Amino acid sequence: MAKVLLIAEHDGESLNPSTAKCVACAADIAAADIDVAVFAESAASIAAEAASLESVSRVICSENAAYRGGLAAVLAPQIVALAGDYDYVLGPSTTFGKDLVPRVAALLGVNQISDIMSVEGERTFKRPIYAGNAVVTVEAPAGVPLVATIRTASYRPVGTGNSAPVETLEMSADVPDHTRFIASETGKSDRPDLQSAARVVAGGRGQTGRIIAPDLYIAIGISGAIQHLTGIKDAGTIVAINKDEEAPIFEVADIGLVGDLFNVVPELTDAVD
Amino acid sequence: MEKILVGLKRVVDYNVRVRVKGDGSGVETEGVKMSINPFDEIALEEALRIKERGEATEIVLVSIGGGEAQQQLRTGLAMGADRAILVETAEMPDPLSCARALLEIVNRENPELVIVGKQAIDNDNAQTGPMLAALWGRPQATFASKLEFSGNSVRVTREVDAGLDVIEVDLPAVITADLRLNEPRYVKLPDIMKAKKKPLDQVPLADLSIADSPVIAETVFEPPAARERGIMVDDVAGLVGALKDKGLL
């Protein structure tokens, strides 16, 4: 049996959809026994959500005020304290997981596989490099914990309906005081969560190093630097509007329109309203 | 603060369309343009601004790689860094080994702040910064888009998926730079000349005697699955029609 510890992502109130996608990836590992760990100030409702996910064996939750904001410096030692019982330690390749999981890997003295896009074997996976311009098959060594992040755009969330047992755990590692969570401006920001947005309209500087997979992506006046093109390849439908008919963005677009955005966008908003 | 250490990685330029070698043994890097990893360039720009505000005295660059990485370090010196260290190795080490090597440099230099890019655009691992912070036992602030120093700590605005988070970390700390932290300056010709005289030390990786890491093997490289060719529409009416056909409007 392959024992998997998956770190749940949440906003303090509810589970982030990335967790259900990570469970789908973990379930592709042969004979996976998947435990989901919830670290939260108040974990009950988040843990209940995690327990409802198909393929989850057990939910482990730990409550502490220090978990507010999901700081890597606080969470990593707690995860390391748990990791001895597991063959795999997994998290989402979201900003939460990208911040936390490498810190865990380094404390465990192992390398990490970033952005798993498919499971090819017990310790063999595929992952994108060069912003998705190439895919590499990687093999993790045996005999050490396999620590990885999962590219959520590559997976559909597992269903719900499960009722896995929930266990509460006392915190075992020290909480550092050198890192303090001040505030989350997520609620106040008018910038949406691009990872979970169904429709994204983009303009301006195109290189973010982020990979998103909305149902509809409209690129307006973005010629399409290599980095940008590959970050959006998983979108359901890509629309490109650009005045340069040679713009690389048209190579990946499902629907292309050559035109000046200052004419096209007002026309388009009128047509949609 | 006395010193800021900035990590620079030599990578294939972001404008190069990378191709996988026919035999699947890697990606083609022969004869392609190489540059400073763009996120590392942003890291350096931020360090320069901190120094220009009078909040730091010295900026030291560090890179890990072959002798050719001196080019990128010289560019960084031309941007305004004071001196550079090249940890020399023919083979690019794995991220944990890079973090261990950087820790050795950190222990020699004792910087109050380390700034690196949030990820390198070649392997896209996004590991080195947090790994260094972990090994150093110090705070990390990843995906930084704004830094405000106050006494012995720095308040960092972080670009997270859901918006922005603000955290405060005590120095010394590791910060990883995101795209919106700043727009790096262009290098001026006289600065390129001046940079040739700035110190650039070479330290063989073997001399740092770092521990062996369990390495993740990269076995087969392949191009990504191609998307089907799309359609071109003539006008907004055509676009609206095509979106309706797909059930998106």
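For the complex, the predictor gives an ipTM of 0.93 and a pTM of 0.90. The model is predicted, and local features therefore need pLDDT of at least 70, side-chain atom pairs count only at pLDDT 80 or more, and totals for chains, interfaces and linings use all residues. Residues are numbered from 1 along each chain as its sequence is written, while chains are lettered from A and ligands numbered from 1 in the order in which they are written.

Chain B contains six helices and 13 strands; helices (H or I, at least four residues) and strands (E, at least two) are DSSP runs, numbered from the N terminus. The C-alpha trace of chain B spans about 60 × 45 × 40 Å along its principal axes. Of the 249 residues in chain B, 49% are buried. A residue is termed buried if 20 or more other C-beta atoms lie within 10 Å of its own, exposed if 12 or fewer, and partly exposed in between, with C-beta atoms placed from the backbone. Two residues are in contact if their C-beta atoms, placed from the backbone, lie within 7 Å. Among contacts in chain B between residues at least 6 apart in sequence, 70% join residues at least 24 apart.

In chain A, the domain assignment, which is automatic or from a database, gives domain 1 (2-168) and domain 2 (199-272). The centres of these two domains of chain A, taken over C-alpha atoms, are separated by 32 Å. Five residues of domain 1 of chain A are in contact with nine residues of domain 2 of chain A. Helix α1 (residues 17-26) of chain A is largely enclosed by the rest of the structure, because nine of its ten residues are buried. Among them are Lys21(A), Cys22(A) and Cys25(A).

The contact between the chains takes 71 residues from chain A and 68 residues from chain B. Helix α4 (residues 95-108) of chain A supplies the largest share of the side of chain A that touches chain B, namely eight residues. Strand β15 (residues 255-258) of chain A and strand β13 (residues 231-233) of chain B run parallel and are joined by three bridges; two strands pair if DSSP finds at least two bridges between them. Within this pairing, Leu257(A) has Val233(B) as its bridge partner in β13(B).
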